Amino acid sequence: MTTEILMPALSPTMEEGTLAKWLVKEGDEVSSGDILAEIETDKATMEFEAVDEGTIGKILIDAGTEGVKVNTPIAVLLEEGESASDIDSGAKAAPASEAPAADSGASLDDTDTAKPMSTQPAASVPEPEPVEDPEVPEGTTFKSQTVREALRDAMAEEMRSDEAVFVMGEEVAEYEGAYKVTQGLLDEFGAKRVIDTPITEHGFAGLATGAAMGTLRPIVEFMTFNFAMQAIDHILNTAAKTRYMSGGQMSVPVVFRGPNGAAARVAAQHSQDYAAWYAQIPGLHVAMPYSAADAKGLLKTAIKGDTPVVFLENELLYGQSFEVPELDDYAIPFGKARIWQKGDDVTIVSFGIGMKYALEAAELLGKDGISAEVIDLRTLRPMDTKTVIESVKKTNRCVTVEEGWPTPSIGSYISSVLMQQAFDYLDAPVINCTGKDVPMPYAANLEKHALVTTDEVIEAVKTVTYK
Amino acid sequence: MATAKSAKKSNTSKEELLEYYREMLLIRRFEEKAGQLYGMGLIGGFCHLYIGQEAVVVGLEAAADEGDKRVTSYRDHGHMLACGMDPKGVMAELTGREGGYSKGKGGSMHMFSTEKHFYGGHGIVGAQVPIGAGLAFADKYLGNDRVTFTYFGDGAANQGQVAETYNMAELWDLPVVFVIENNQYAMGTAVKRSTKSPSLWERGAAYGIEGEEVDGMDVLAVKAAGEKAIAHCRAGKGPYILEMKTYRYRGHSMSDPAKYRTREEVQKMRDEKDPIENVRDLLLQGKHASEDDLKAVDKEIKQIVNEAAEFARESPEPSLDELWTDIYA
């Protein structure tokens, strides 16, 4: 029986990749460990090795093909005594290995119809109405960009306009970022301004904070915000409080950025959402964008400003593409929510990757005749509760969606604000959809249920609308 | 009276000696007054006095140039006075008044002066160490030749972020002088009960950082060591460590009963090593000043400190509006 060689998942979050180059051709004999092909993931170009030995019977996917889904058969391996004529439709072929399937349970999608991460949001939700984004003048053209590229562009643009801006962190320079967010910055700005640090989060967070007190404008990349726990003293006790403690004399214009929240199958110590933690701290600004446009516009504002900013990104969103306005200096003010979808029956409030569940739920609810207004907070400190209150005055119902833990959460704060400021408008108790109150488990099925799900958002909306 | 033990004073001018005497005495009298105001309930919270350690900051400030920076821990009053901050503003911050350097919002442990390049005043043990390296990083980045003095105690020397900072400071050749003020007690824990390292400055060797031990009770020795360290930094050779062997006469903070050491130990240090008495002896023995001259200095200092205390009592409490200011840019 012939063996199919499948497109491998080469990172925890990879769902598809580019088959850049074949290093074998049909008829070649290969043995275990031979390099078969080069595959480009969203982060890097990786060599793909043979597991089994045999002869390459047929190459199914040509070199240069983009968007090859994980687990797609890319070649057929013939065992001894087999020939190309043994290859048929492939129905009999056995998978070459039990590849860690990105769509098995690690996927964010809780429906069986897996949606690739690169799906444009336009496919599932209406385009954001330009009227909701006064930063974008009429007639502005847009280009499709990943969140990763948008973040990089924001940094590059600000580094071009201000010599005091520099980037430091683990692997940000020569490696171009553990998640490739700083791609190209070393080439353009050099080692003075794009600085690889030792693995020393507490130290470099403090050092960057000191540099900010010394009039520079550091961007600190944490490889993930899990590691910022080593540095949280400087974020809270130094960066956030120094302006106040100095009676307004001292500015600390530092940006702490990096991926936050669960990625995929990396378990308890690498999967947690710090939104509610940092949102509690006076003296900090906290942004947690969902779209590429917001990632770019908010990061530019963060870098330009004199207030320390915690900028919470998401690994699973890095590769997602969105429409980004082509403007010279697209900066979005903090404290202004974006209304992604207008609706009448319920207000769904979310931010960051929670928006994915919110928008998916809104789309499915629309098919059931429930019209949801979907609000992306974008920044958690300051938080645009005014937009939420105005929406709830119209819909009289609210569901919040976030990946973090429930006690206490951003959602519980919003519930409190609504109770105090929109009590008479509420026709149902606010429901908070959150991650479960457990450390993140590793097992695929458990992880899926530990995260907030689209089904839970739908159920919550049906509960508050009494449907 | 202490026996003068410093033999290297011959080439120090009368003016310099008088200046050191004056500066150290200002710190001591200021701290004594702060202790008094604390006892009267005019100063609250934590208040860590610098009495006994005066030679460290006065000697290093004598070696520093305009534009050099300094950052330290919560035992910071001496550093502020030594770099020229106004005693009135410092004392009024201790009393939590509007006229304080932080408008009363920082207190004893959290004061800053952009004008005098004093970057705090940090309440978390060891946190000022990477901050100091960051200030030095900024100077190197900006291409000037300024140096940052980063002060910390023997207790902070055991913090992980100090090791992390040593590594980065040497890796990037940052112009920072790490000043370990080894006053021999981390709160109530004697150095020998917290580490088996024979000396703290030698830990720098693990990162390739040069350094030395200094008699931190001898202002002239401190100044000489400071000049050497600054020259090292300004020459682009990276960081330097000075371990100042010093001693605090008072408790860790105002609420410290100091049961961890004997009265005799403190008295012996005061009798034999007092930094102010040492300079006083040099002035008198060298016939640079008479008893009357020094009395005049004492009187002048007393006047300054009394005025500072008066200002700190008279200055109003901050307006309630101040609760909500200076949080965001």
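Two residues are taken to be in contact if their C-beta atoms, placed from the backbone, lie within 7 Å. By that criterion, 32 residues of chain B are in contact with 34 residues of chain A in this predicted model. On the side of chain B that touches chain A, the elements giving two or more residues are α5 (128–142) and α6 (160–171) of chain B. The largest share of that side, 10 residues, is supplied by α5(B).

**Organisation of chain A**

Chain A contains 13 helices and 23 strands. Of its 467 residues, 54% are buried. Among contacts in chain A between residues at least 6 apart in sequence, 77% join residues at least 24 apart. The chain is divided into three domains, whose bounds are tabulated below.

| Domain of chain A | Residues |
|---|---|
| Domain 1 | 3–95 |
| Domain 2 | 136–325 |
| Domain 3 | 336–464 |

Between domain 1 of chain A and domain 3 of chain A, the C-alpha centres lie 42 Å apart.

**Nonpolar cores**

The largest nonpolar core comprises 204 residues, and the members that touch the most other members are I348(A), V399(A), V457(A), V461(A) and V177(B). Helix α1 (residues 14–39) of chain B gives the most to this core, contributing 10 residues. From chain A, the core draws at least three residues from each of domain 2 (136–325) and domain 3 (336–464). Another core, of 22 residues, lies apart from it; L10(A), M14(A), I56(A) and I74(A) are among its members.

Which residues does V177(B) touch, not counting residues up to four places away in sequence? The partners of V177(B) on that count are V147(B), F149(B), T150(B), A229(B), I230(B), C233(B), Y240(B) and L242(B).

**A helix pair in chain A**

Helix α10 (residues 385–395) of chain A and helix α11 (residues 410–421) of chain A have axes that come within 10 Å and cross at roughly 60°. Angles from 65 to 115 degrees count as roughly perpendicular and those under 35 degrees as roughly parallel; α10(A) and α11(A) are therefore oblique to each other. The crossing in which α10(A) passes α11(A) is right-handed. At this crossing pair, T385(A), V388(A), I389(A) and V392(A) in α10(A) meet I414(A), V417(A), L418(A) and Q421(A) in α11(A).

Terms used:
Residues numbered from 1 in each chain as written. Chains lettered and ligands numbered in written order. Predicted model: local features only at pLDDT ≥ 70, side-chain atom pairs only at ≥ 80, totals over all residues. Core = buried A, V, L, I, M, F, W, Y, C linked by C-beta atoms within 7 Å. Buried ≥ 20, exposed ≤ 12 C-beta atoms within 10 Å, placed from the backbone. Helix = DSSP H or I, 4+ residues; strand = E, 2+ residues; numbered from the N terminus. Domains from an automatic or database assignment. Axes fitted to C-alpha atoms, helices over the stretch in contact; angles between N-to-C directions. Parallel < 35°, antiparallel > 145°, perpendicular 65-115°, else oblique. Left-handed = near helix turned anticlockwise from the far one by under 90°.
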